[in-house]
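Subject: Handing over the structure, with notes

Hello,

Please find the structure below, and keep it open beside the notes that follow.

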Amino acid sequence: MSERCGWAGSEPIYTDYHDTEWGVPEWDSRALWEKLILDGFQAGLSWITILKKRDNFREAFAGFDPEVIATWGESDVERLLQNEGIIRHRGKIQATIGNAQAYLKIHDFSALCWSYVDGAPLQTNRKTLADVPGFTDISTQFSKDLKKMGFKFCGPTIVYAWMQACGLVNDHLTNCPQFEPCKALASPPR
């Protein structure tokens, strides 16, 4: 029997995210960066909390334009701490500014990200949620490398969740109706 991955629940915003976005390979550098930032904000919270606030985050963070965010200072941090539409965590807001600065030093963020999986999504063929790890050797190494580049809020668990969301790894369960469609997207666009 084919059924959605159990984590997707039944709330429409969550099931739509699962069915149309999660696990679909993302090749755009800026979109990959945005999703990494949002996964950092999710630390300690549920993903649905971030998903419900994603449009507010996009508005508050200038459409996640790293060139704009990289120039922000303490007054911007204070402004964002007053924004009830986002997660108001000083460390995560400051990390986003620093992460924008780190991102701008990387020539091709997408190429960097995809190099960790040899340019194609890893196909894990997991059968149950219990088979899905919280992190892997790849996410641990990627996390260490990102931190060396100046990124924050990018530990191995955050990086693995982000890799799953961005389709660097296909962790849809094998009985999920999205497993095969995501598997079919294993090649980068030309």
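In helix 9, the buried residues are Ile158, Val159, Tyr160, Trp162, Met163, Gln164 and Ala165, where buried means under 20% relative accessible area, exposed means over 50%, and partly exposed is anything in between (with a 1.4 Å probe, counting protein chains only). Helices here are DSSP runs of H or I with at least four residues, strands are DSSP runs of E with at least two, and both are numbered from the N terminus.

Before going further, please note that this is a predicted model, in which local features need pLDDT of at least 70 and side-chain atom pairs count only at pLDDT 80 or more, while totals for chains, interfaces and linings use all residues. Residues are numbered from 1 along each chain as its sequence is written, and side-chain values use heavy atoms, with hydrogens and water left out.

Helix 9 and what surrounds it

Seven of the ten residues of helix 9 are buried, so this helix is largely enclosed by the rest of the structure. What do the buried residues of helix 9 pack against? They pack against helix 1 (12–20), helix 2, helix 7 (109–115), helix 8 and strand 2 (169–170), with contact meaning heavy atoms within 4.5 Å.

One of these partners, helix 2 (residues 29–42), has an axis that comes within 9 Å of the axis of helix 9 (residues 156–165), and the two cross at roughly 135°. The axes are lines fitted to C-alpha atoms, for helices over the stretch in contact, and the angles run from 0 to 180 degrees between N-to-C directions. Helix 2 and helix 9 are therefore oblique to each other; angles under 35 degrees count as roughly parallel, over 145 as roughly antiparallel, 65 to 115 as roughly perpendicular, and the rest as oblique.

The axes of helix 2 and helix 3 come within 10 Å and cross at roughly 130°, which makes helix 2 oblique to helix 3. This crossing, too, is right-handed. Here Glu34, Leu38, Asp39, Phe41 and Gln42 in helix 2 meet Trp47, Ile50, Arg54, Phe57 and Arg58 in helix 3, and the residues of the contact divide into five nonpolar, one polar and four charged.

Loops and backbone angles

After helix 9 comes glycine 167, whose phi is positive, near 75°, and which sits in the loop between helix 9 and strand 2. Glycine 167 is buried, with a relative accessible area of 1%, and, leaving aside residues up to four places away in sequence, it touches Gly23, Val24, Pro25, Trp114 and Pro121.

A positive phi is also found at alanine 62, about 50°, although this residue is not a glycine. Alanine 62 lies in the loop between helix 3 (47–60) and helix 4 (66–69) and is partly exposed, at 35% relative accessible area. Phenylalanine 153, again not a glycine, has a positive phi of about 55°; its place is the loop between helix 8 (137–148) and helix 9, and at 31% relative accessibility it counts as partly exposed.

The structure holds zero disulfides, a disulfide being a pair of cysteine sulfur atoms within 2.5 Å. For cysteine 5, the nearest cysteine sulfur, that of cysteine 176, is 3.8 Å away, and cysteine 5 is buried at 2% relative accessible area. The sulfur of cysteine 166 is 7.8 Å from the closest cysteine sulfur, in cysteine 113, which is too far for a bond.

With best wishes

Key: A crossing is left-handed if the near helix is turned anticlockwise from the far one by less than a right angle, and right-handed if clockwise. Ala, Val, Leu, Ile, Met, Phe, Trp, Tyr, Cys and Pro count as nonpolar, Asp, Glu, Lys and Arg as charged, and the others, Gly among them, as polar.
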